[in-house]
Amino acid sequence: MAYTGLVLISHSQKIAEGMKEIIRQVIKEVPIQPAGGTDENEIGTSIDKILQAIEQADDGNGVILMYDLGSAKMNAEMAIEMTDRENIKLAEAPLVEGSYVAAVEAGQGKSVDAIIDNLKRHF
């Protein structure tokens, strides 16, 4: 079964990794890739890290990008424009709560659009 993947984009590598760790306590099968920090693992974000995470999280059912702050959104939007993959969308929801809900729904086999619609309704 192909699952909708998640990319967790944060200015902090520790936050992105920690969020994945929280989700993995209950959701094991959904592809989740952290993309935190700059290329030098400093505070910030990296388009290259986001693109790599999209590649790793996409098993054919699309990927949802979750982000924390301003420039993370800008880099996520640029990564979506740069990737040749389809069905890659940005979610407008709080990183922690939204990522958790998205992972649960992805684990239920829901599509990218169904998960995005539900996040819009609840956040």
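## Terms and basis

A residue is buried when its relative accessible area is under 20%, exposed when it is over 50%, and partly exposed in between, using a 1.4 Å probe and protein chains only. By this rule Asp58 is buried, because its relative accessible area is 13%.

This is a predicted model, in which local features need pLDDT of at least 70 and side-chain atom pairs count only at pLDDT 80 or more, while totals for chains, interfaces and linings use all residues. Residues are numbered from 1 along each chain as its sequence is written, and side-chain values use heavy atoms, with hydrogens and water left out.

## Salt bridges

Side chains of opposite charge can pair when their charged atoms come close. The structure holds five salt bridges, a salt bridge being a side-chain nitrogen of Lys or Arg within 4 Å of a carboxyl oxygen of Asp or Glu. Glu55 forms one of them with Arg85, with 2.7 Å between the closest N and O atoms. This pair links distant parts of the chain: Glu55 lies in helix 2 and Arg85 in the loop between helix 3 and strand 4, 30 residues apart. Helices (H or I, at least four residues) and strands (E, at least two) are DSSP runs, numbered from the N terminus.

Asp58 and Arg85 also meet through their side chains in a salt bridge, at 3.2 Å from N to O. Here too distant parts of the chain are linked, since Asp58 is in the loop between helix 2 and strand 3 (63-67), 27 residues from Arg85. Glu55 counts as partly exposed because its relative accessibility is 37%, and Arg85 counts as partly exposed because its value is 30%.

Another salt bridge joins the side chains of Lys89 and Asp113, at 2.3 Å from N to O. The two residues are 24 apart and link distant parts of the chain, with Lys89 in strand 4 and Asp113 in helix 5 (residues 112-122). Lys89 is partly exposed at 32% relative accessible area, and Asp113 is partly exposed at 37%.

## Packing of helices 4 and 5

Two packed helices are described by the angle between their axes and the distance between the axes. Helix 4 and helix 5 pack at an angle of about 145 degrees, with their axes 10 Å apart. Axes are lines fitted to C-alpha atoms, for helices over the stretch in contact, and angles run from 0 to 180 degrees between N-to-C directions.

The contact (heavy atoms within 4.5 Å) is made by Gly98, Val101, Ala102, Glu105 and Ala106 of helix 4 and by Ala114, Ile115, Asn118 and Leu119 of helix 5. Helix 4 spans residues 95-107 and also holds Tyr100. Tyr100 is partly exposed, with a relative accessible area of 32%.

## Loop residues with positive phi

Asn41 is a residue other than glycine with a positive phi, near 60 degrees. Asn41 sits in the loop between strand 2 (32-36) and helix 2 (47-57), and counts as partly exposed because its relative accessibility is 43%.

Asn87 likewise has a positive phi, near 65 degrees. The loop that holds Asn87 runs between helix 3 (70-82) and strand 4 (88-90). With a relative accessible area of 35%, Asn87 is partly exposed.
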